[in-house]
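This report goes through some local features of one model. Please look at the sequence and the structure first.

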Amino acid sequence: MLRIIDARTREPVDAAPARRGLTRVEVHAPGSDTTNLRVLLVGDLLVRTLELGGTPVWALLTGGRRQAELRAGATTLGIRPFEDSPDVGAGLGESQVVHVITEGGTAPDGVRIAVAPVEPGAPDHCDPAVLRLALITRHHSTPVRLEAAGLDDAHATLARWRSSVARWARQPSRPVPDDVRNRLRDAWDDDLDVPRVLDVLRQVETEPDLADGARFETYAYADRLLGLDLTRDLGSPS
């Protein structure tokens with residue numbers, strides 16, 4: 001079960017306290033810069049995690065005057081669409097409301113996830129998948145500094161993983177090992193610890209006793225959260 005650190009109290013809370021109960025995820029992003037894009041990305045990761053656990057989600061965006069620009073950037077980054085947030089309060093049947101905000105930002109009463117800033121802004125012509133990976137390599141509570149070395153590392157990692165996934169897919173399929181599945185779930189259920197998810201994938205990449213078919217299924221499974229299109233190169237020549 002996903003537990004997140006409430007930015008108001010610094011205490012862990014269940015993101016979905018009622019089994020199969022609706023969770024409303026409301027993102028508050030008043031601008032369209034890379035920090036606000038990261039806030040929306042964390043909202044996307046939260047929605048994906050809840051859905052992987054079988055929780056129904058109502059995903060909403062409360063934006064400012066630059067909402068069109070933010071939505072355009074989100075689409076490029078592979079963030080799934082959020083509905084416009086209506087003027088509603090609690091009591092619409094949801095068992096939990098989680099607000100995703102910028103660090104130091106404001107939101108209505110309720111559980112809050114605060115997202116640390118990104119500096120500087122994303123460079124022009126940056127591959128969106130590379131930018132997405134660079135933004136999720138740090139926990140959402142930790143600031144991200146977009147520097148050339150980090151973006152180059154994200155580019156190299158993404159290219160290597162996509163190539164490996166395409167190669168592993170040519171081998172007989174094998175299920176995701178139970179211990180690997182549990183490590184992945186333990187990571188993303190622990191306050192959306194996506195960097196730890198990435199660490200598990202790095203371990204799986206080099207585990208000598210793991211069948212390539214199991215590596216493929218592990219990466220495909222984890223990508224339901226990560227949204228990096230790791231299976232993009234399936235069927236491409238070696």
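## Aromatic pairs

In this predicted model, the count of aromatic pairs comes to 3. One of them is formed by W168 and Y219, whose arrangement is edge-to-face. Their ring centres are 5.1 Å apart, and the planes make an angle of 70 degrees, which is over the 60 degrees needed for that label. W168 belongs to helix α4 (residues 148-168), while Y219 belongs to helix α7 (residues 212-226). The pair therefore links distant parts of the chain, as 51 residues separate the two. Both W168 and Y219 are buried.

W188 and Y221 form another aromatic pair, and this one is tilted. Here the distance is 5.6 Å from centre to centre, with 55 degrees between the planes. Because W188 sits in helix α5 (residues 178-188) and Y221 in helix α7, the pair ties together parts that lie 33 residues apart in sequence. W188 is buried, and Y221 is buried as well.

## A ring cluster and a charge over a ring

W168 and Y219 also belong to a cluster: ring pairs link W161, W168 and Y219.

Y221 has a further neighbour in R181, which lies over the face of the tyrosine ring. The distance from R181 to the ring centre is 4.5 Å.

## A buried aspartate

D44 is part of helix α1 (residues 34-52). Is D44 buried or exposed? Its relative accessible area is 1%, so D44 counts as buried, the limit being under 20%.

What is D44 in contact with, apart from neighbours within four places in sequence? The contacts are G78, I79, R80, F82 and R132.

## Backbone exceptions

Most residues other than glycine have a negative phi, and most peptide bonds are trans. Some places in this chain depart from that pattern.

The peptide bond that runs from E119 to P120 is cis, and its omega is near -20 degrees. P120 is located in the loop between β8 (118-119) and α3 (128-136). H125 is found in the loop between β8 and α3 too. Although H125 is not a glycine, its phi is positive, at about 65 degrees. With a relative accessibility of 84%, H125 is exposed.

D191 is also not a glycine, yet it has a positive phi of about 55 degrees. The loop between α5 and α6 (194-206) holds D191. D191 has a relative accessible area of 10%, so this residue is buried.

Conventions:
Residues are numbered from 1 along each chain as its sequence is written. This is a predicted model: local features need pLDDT of at least 70, side-chain atom pairs count only at pLDDT 80 or more; totals for chains, interfaces and linings use all residues. Side-chain values use heavy atoms; hydrogens and water are left out. Rings of Phe, Tyr and Trp (its six-membered ring) pair if their centres lie within 6.5 Å; planes under 30 degrees apart count as stacked, over 60 as edge-to-face and the rest as tilted. Helices (H or I, at least four residues) and strands (E, at least two) are DSSP runs, numbered from the N terminus. Buried means under 20% relative accessible area, exposed over 50%, partly exposed in between (1.4 Å probe, protein chains only). A charge sits over a ring if NZ of Lys or CZ of Arg is within 6 Å of the ring centre and within 35 degrees of the ring normal. Contact means heavy atoms within 4.5 Å.
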